[in-house]
Amino acid sequence: TTIVRVTATDADSGLFAVIEYSLVDGEGRFGIRSSTGEIYILSPLDRETKDHYTLTAVARDNPGGSPNNRRESSVQVLVTVLDVNDYRPHFTNRVYNTSVFENKPSGTSVITVTAIDLDEGENAAIIYNILGPNV
C-alpha cells in the first residue's frame with residue numbers, strides 16, 4: 001500500500017534531470033519506487049509495537065554517465081501508525097473470588113474486576129457485563 005509520495009525537482013534538462021529515489025532506512029517495513037518516489041508498506045505494522053517511524057528519502061539525479069557528477073538531496077518522512085481495534089480486552093486475573101454476607105442490601109459492591117485493552121483511545125474502551133442465569 002502506498003502511504004505517501006515524495007517528489008523532487010531538478011533544474012537540469014534531458015537525461016540530467018531524471019531523478020531516482022531511494023530510502024536510506026525503512027527498518028524492513030517500507031520501500032520506495034525508484035522512479036516515482038512512492039513510499040509503500042513492505043510488511044505489517046502494529047501500533048502497539050511501534051507507533052512511529054522516521055524514514056529518510058533520497059533523490060538523486062542522473063549523472064550522465066559520470067557518478068562523480070551525481071547530485072542528491074534528502075528529506076525526512078515521519079510516519080505515524082494509527083490504531084485499529086485489533087486487540088481483545090483481557091482480565092488482569094484469570095479467576096476472581098469474593099464472599100458476601102447474606103444480609104447485605106441490593107446494590108452492595110462485592111468485588112472489583114479489571115480488564116485491560118492494548119488498543120488506544122476509543123478502541124481501548126471496555127464495557128463490562130455479567131452473564132448467567134441469575135441476571
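Strands in these legends are DSSP runs of E with at least two residues, numbered from the N terminus; the model shown is a predicted one.

**View 1. Aspartate 10 in the loop between E1 and E2.** Aspartate 10 is placed in the loop that lies between E1 and strand E2 (19-23). With a relative accessible area of 22%, aspartate 10 is partly exposed, since a residue counts as buried only under 20% and as exposed over 50%. When its neighbours within four places in sequence are left aside, the contacts of aspartate 10 are with Phe16, Ala17, Ile19 and Asp61. Glutamate 72 is 62 residues away from aspartate 10 along the chain, and the C-alpha atoms of these two residues are separated by 9.9 Å.

**View 2. The protein chain as a whole, for orientation.** The secondary structure of the protein chain consists of eight strands and zero helices, so that the order of elements from the N terminus reads β-β-β-β-β-β-β-β. The radius of gyration of the protein chain, 27 Å, is well over the 14 Å that the globule rule gives for 135 residues, and the chain is therefore more spread out than a compact globule. Along the principal axes, the C-alpha trace of the protein chain spans about 90 × 20 × 20 Å. Buried residues make up 21% of the 135 residues in the protein chain. Among contacts in the protein chain with a separation of 6 or more, 56% are between residues 24 or more positions apart.

**View 3. Strand E4 with its partners E1 and E3.** Strand E1 (residues 2-5) pairs with strand E4 (residues 38-41) in the antiparallel sense, over three bridges, and in this pairing valine 4 stands opposite isoleucine 39 of E4. Strand E3 (residues 30-32) is also joined to E4 by three bridges and runs antiparallel to it, with isoleucine 32 standing opposite isoleucine 39 of E4. E3 and E4 form a hairpin with five residues between them, and glycine 37 in the turn has a positive phi of about 80°.

View 4. E5 is joined to E2 by five bridges, the two strands running antiparallel, and serine 22 stands opposite valine 58 of E5. Nine bridges join E5 to strand E6 (residues 72-80), again in an antiparallel arrangement, and here leucine 55 stands opposite valine 77 of E6. In a regular strand the side chains alternate between the two faces of the sheet.

**View 5. Isoleucine 116 in strand E8.** Isoleucine 116 lies in strand E8 (residues 115-116) and, at 37% relative accessibility, counts as partly exposed. Residues up to four places away in sequence not being counted, isoleucine 116 touches Arg88, Pro89, His90, Thr92 and Ile126. Asparagine 93 is 23 residues from isoleucine 116 in sequence, and the C-alpha to C-alpha distance between them is 11 Å.

**View 6. The largest pocket and its lining.** The largest pocket holds about 160 Å³ of space, and the residues that line this pocket are Ile111, Val113, Tyr128, Asn129, Ile130 and Leu131. Sorted by class, the lining of the largest pocket comprises five nonpolar residues and one polar residue, with no charged residues.

Conventions. Residues numbered from 1 in each chain as written. Predicted model: local features only at pLDDT ≥ 70, side-chain atom pairs only at ≥ 80, totals over all residues. Heavy atoms only, no water. Pairing = 2+ DSSP bridges. Helix = DSSP H or I, 4+ residues; strand = E, 2+ residues; numbered from the N terminus. 1 Å grid on protein atoms, 1.4 Å probe; cavity = no way out; pocket = protein on both sides within 12 Å on 5 of 7 lines; lining within 4 Å. Points joined across faces, edges and corners; volume = space filled by probe spheres on them. Nonpolar A, V, L, I, M, F, W, Y, C, P; charged D, E, K, R; others polar. Rg over C-alpha atoms; globule rule 2.2 N^0.38 Å. Buried < 20%, exposed > 50% of the residue type's maximum accessible area, 1.4 Å probe, protein only. Contact = heavy atoms within 4.5 Å.
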